[in-house]
Amino acid sequence: MSFWAGKRVLVTGHTGFKGSWLSLWLHDLGAQVFGLALEPDTTPALFDQLGLSDKLDHRIGDIRDTALVRDRVAEARPDVVFHLAAQPLVLASYDDPVANWDSNVMGTVHVLDALRQLEHPCAAVMITTDKVYENREWLHPYREGDRLGGHDPYSASKSACEIAIASYRKSFFADHPVQVVSARAGNVIGGGDWAADRILPDIVRALSAGQPIPVRNPHARRPWQHVLEPLAGYMRLAERMSAAEQVAEAYNFGPETHDVKAVGDLVQGALALWPGEWLDQSDPNARHEASLLSLGIEQARVDLAYAPRWDFACGLAKSVEWYHAVHQGADPLAVTRSQIAEFGTP
């Protein structure tokens, strides 16, 4: 029997891209999934495409609402919590930095504080991002003990989340049945991401319309990974925590070092699968975004027996395959379940 069968799992941000993939996977493994999130903010939205409102204990709400978060945690009585709810976009954080900080930092604090009321064992996996590190444009991958920081409001707010998580862990959860660990991953690709200002959705929108792909930063290098890769890591981490095994305070989840690729490589790879053209729209006056970023995953490899399954080429192919199939009329739920089955168990 699956570890997840019958488990009560609270997923914040369940209406988002990663949250939708995770919620479906957990549901199909037999978990009772409780969600708390804002309404989907894209059209289309993967949450709607998968029909998840009928499969989960679905609750619309804002994690900035302290009382609501506390009530939802009490109602769910979770065995596991995956906290994904956040303002997730770098460029959006420049447009409304106050809302970005409020959602990312105080929203996380509200979840942490609500967990204090639980009196039974619970594994809380607090998802942040690969951008929590002070980016010095180093060639070597960042490790969990490296210095935190952030230039743009998004990165800085997620770094602050890590400080809040560590503070709550030391102050309130040292002798508490709730275990709290942070998980750092980013630059996730996969079918059903319809967000603005993300390269793969931009590619799909342009190709679907028969237009050239606008590329604002073709030389930036990122640790691309298919969405199922970090989700498998989060789930494996929660399993180890639930078994009362010794785990670290934070884990990176990312690809192998050789799979850190430039944006241009991703664009060219996508065009090899779905023909079209692209335009270099680099702007030297554009808002700051890191040009080089990669994560070291040795700690997850050793502690959790974690290793990426789909390399860059495979993950990109699966992502484009999803979009192209749905563009041609395939059922998004069937395509998503097929890829989960192909990926295998967490």
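Student: In this predicted model, which residue is the bridge partner of Leu10 in β2?

Tutor: Strand β1 covers residues 8–12 and runs parallel to β2, with five bridges joining the two. Within this pairing, Val9 stands opposite Val33 of β2. For Leu10, the bridge partner in β2 is Phe34.

Student: Is strand β2 largely enclosed by the rest of the structure or largely open?

Tutor: Strand β2 spans residues 32–36, and four of these five residues are buried, that is, under 20% relative accessible area. With four of its five residues buried, β2 is therefore largely enclosed by the rest of the structure.

Student: Which strands are the edge strands of the open sheet?

Tutor: The open sheet has six strands, paired in parallel in the order β2-β1-β3-β4-β5-β10. An edge strand pairs on one side only, and this holds for β2 and for β10, residues 250–252. The edge strands are thus β2 and β10.

Student: What angle does the direction of α1 make with that of β1?

Tutor: Helix α1, residues 17–28, belongs with β1 and β2 to a right-handed β-α-β unit. The helix α1 packs on the sheet and touches β1, β2, β3 and β4. Its direction makes with that of β1 an angle of about 170°.

Student: Why is α7 described as oblique to α11, rather than parallel or perpendicular?

Tutor: The axes of α7 (residues 199–208) and α11 (residues 312–327) come within 11 Å and cross at roughly 40°. Angles under 35 degrees count as roughly parallel and 65 to 115 as roughly perpendicular. Because the crossing angle is roughly 40°, the relation of α7 to α11 is oblique.

Definitions and conventions
Residues numbered from 1 in each chain as written. Predicted model: local features only at pLDDT ≥ 70, side-chain atom pairs only at ≥ 80, totals over all residues. Heavy atoms only, no water. Buried < 20%, exposed > 50% of the residue type's maximum accessible area, 1.4 Å probe, protein only. Pairing = 2+ DSSP bridges. Right-handed = clockwise from strand over helix to strand, strands pointing away. Axes fitted to C-alpha atoms, helices over the stretch in contact; angles between N-to-C directions. Parallel < 35°, antiparallel > 145°, perpendicular 65-115°, else oblique. Contact = heavy atoms within 4.5 Å.
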